[in-house]
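Student: I've just opened this one and would like to get my bearings. Could you walk me through it, beginning with the ligand?
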Amino acid sequence: MRIFSGIRPTGDLHLGNYLGAIKQWIPLQQINECVFCIVDLHAITTPYDPKKLQKNILETTAIYLAAGINPEKSIIFVQSQIKEHAELAWLLETITPMGELKRMTQFKEKSEQHKDYINAGLLNYPVLMAADVLLYKGEAVPVGKDQEQHIELMRSLAKKFNQKFGQTFKEPESLILKEGSKIMSLTDPKKKMSKSDEPKSCIFLFDAPEDITKKIMSATTDSGKDIKYNITKKSGISNLLTIYSLLSGKTTQELEKEFKGKNYGEFKKSLAEVVVNYLEPFRRKQKELASREAYIQEILKKGQDRAQIIAKATMQEVKEKMGLV
Ligand code: TYM
């Protein structure tokens with residue numbers, strides 16, 4: 001299968017991005033053809049600092065590598081380096097109903113967050129996302145739960161294009177994990193972990209060990225004292241149990257047994273240790289980054305060359321079908 005996914009290089013990727021998306025990319029590489037993108041054209045739809053964008057792109061690439069993406073196998077590249085993404089997005093926009101875009105949850109949330117930055121790019125964000133995947137004739141898209149609605153639109157655009165212009169695209173399915181597809185905020189476990197929230201609600205992959213420990217120790221929990229998974233009554237503890245389980249490989253039932261009779265403080269202390277140790281290679285990679293910039297650039301260039309071949313062929317086909325050549 002051809003797999004496609006991407007992350008916005010907005011700096012400071014968090015544990016939600018890792019557990020919901022990147023972690024599931026690694027095993028997929030074994031038997032599939034994977035394309036992993038750094039979606040900088042999406043990152044500029046919300047306020048950003050142009051001076052930091054290149055650094056964020058390199059950091060995101062370093063995270064892909066630290067997590068275990070193998071650049072010899074998978075294609076890793078930067079979206080803006082392949083102009084066909086923007087070109088196909090424009091063509092797909094001509095078959096996208098405005099109403100569908102306006103009702104997208106992410107558009108509504110981001111418009112609410114950045115009231116003075118509601119741009120057309122933000123509205124068209126899901127069409128560019130559809131172009132990303134369809135350009136490579138992607139069949140499956142591993143993402144977190146919050147992207148489900150965008151993949152639905154992607155499927156309907158693929159279908160509509162095929163009906164209008166002839167069979168061209170597969171309808172990509174979303175790959176959403178049962179556990180980890182929605183990691184919640186540490187300060188408000190009813191909300192998803194998000195980098196646009198206060199820093200202590202999020203564990204960033206490059207956080208210093210002492211910050212990770214502080215954030216976990218002060219994470220919001222209920223007034224009870226049992227370490228039990230119950231998403232409605234004990235959402236805070238349940239979220240921490242999910243994180244513990246995904247990073248340690250133990251099931252939540254095993255963890256409940258292990259921490260029977262122990263208090264929240266003991267559990268959180270142990271979780272902090274697990275998280276600190278798990279993220280150690282990410283901190284190391286970030287430090288290495290300064291001296292390895294040329295290596296990372298080389299990986300991105302190779303990825304671009306490989307991606308370009310596929311993108312060019314699809315665009316040629318699409319243009320022919322649409323009567324543009
Ligand atoms: P971005 O950068 O907002 O998110 C990257 C990935 O992280 C997942 N995610 C989470 N998963 C679990 N719990 C959370 N709290 C959490 N927060 C974020 C997101 O679901 C996503 O998988 N629009 C995409 C980027 C994109 C893309 C694409 C993805 C652009 N083109 C084509 C797939 C295919 C996004 O959400 O990025």
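Tutor: Let us begin with one contact, keeping in mind that this is a predicted model: an N or O atom in the side chain of Asp146 is 2.4 Å from an oxygen atom of the ligand.

Student: And how much of the ligand's accessible area does the protein cover?
Tutor: On its own the ligand has 710 Å² of accessible area, and the protein covers 98% of that.

Student: Which elements give two or more residues to the shell around it?
Tutor: Those elements are β1, which spans 2–7, α1, which spans 15–28, and α7, which spans 120–135.

Student: Okay, and which residues come nearest to the ligand?
Tutor: There are 27 residues around the ligand, and the ones that come nearest are Tyr125, Asp132, Asp146, Gln147 and Ile183.

Student: What does Tyr125 do there, in terms of distance to a nitrogen atom?
Tutor: A polar atom in the side chain of Tyr125 lies 2.7 Å from a nitrogen atom of the ligand. For Gly144, the atom concerned is a backbone N or O, and this lies 2.9 Å from an oxygen atom of the ligand.

Student: How do the residues of that shell divide into nonpolar, polar and charged?
Tutor: The shell around the ligand has 11 nonpolar residues, 11 polar ones and five charged ones.

Student: Switching topic, what does UniProt list for residues 9–17?
Tutor: An unreviewed UniProt entry lists residues 9–17 as a short sequence motif, the 'HIGH' region. In this model the span is 33% helix and 0% strand, and its end C-alpha atoms lie 11 Å apart.

Student: What lines the largest one?
Tutor: The lining consists of Ala62, Leu65, Lys285, Glu288, Leu289, Arg292, Tyr295 and Ile296. The elements that give two or more residues to this lining are α3 (50–67), α12 (264–289) and α13 (293–321), and the largest share, three residues, comes from α12. By class, the lining of the largest cavity has five nonpolar and three charged residues, with no polar ones.

Student: And the second largest cavity, what volume does it have?
Tutor: The second largest cavity has a volume of about 40 Å³, and its lining is made up of Met104, Gln106, Phe107, Lys110, Leu122, Tyr125, Pro126 and His150. Here α6 (105–113) and α7 are the elements that give two or more residues.

Note on methods
Residues numbered from 1 in each chain as written. Predicted model: local features only at pLDDT ≥ 70, side-chain atom pairs only at ≥ 80, totals over all residues. Heavy atoms only, no water. Near = heavy atom within 4 Å. Polar contact = N/O pair within 3.5 Å; in protein donor to acceptor, adjacent residues only side chain to side chain. Areas by Shrake-Rupley, 256 points an atom, 1.4 Å probe, with all protein chains shown as cover. Helix = DSSP H or I, 4+ residues; strand = E, 2+ residues; numbered from the N terminus. Nonpolar A, V, L, I, M, F, W, Y, C, P; charged D, E, K, R; others polar. UniProt positions renumbered as here; feature names shortened; annotations may be inferred. 1 Å grid on protein atoms, 1.4 Å probe; cavity = no way out; pocket = protein on both sides within 12 Å on 5 of 7 lines; lining within 4 Å. Points joined across faces, edges and corners; volume = space filled by probe spheres on them.
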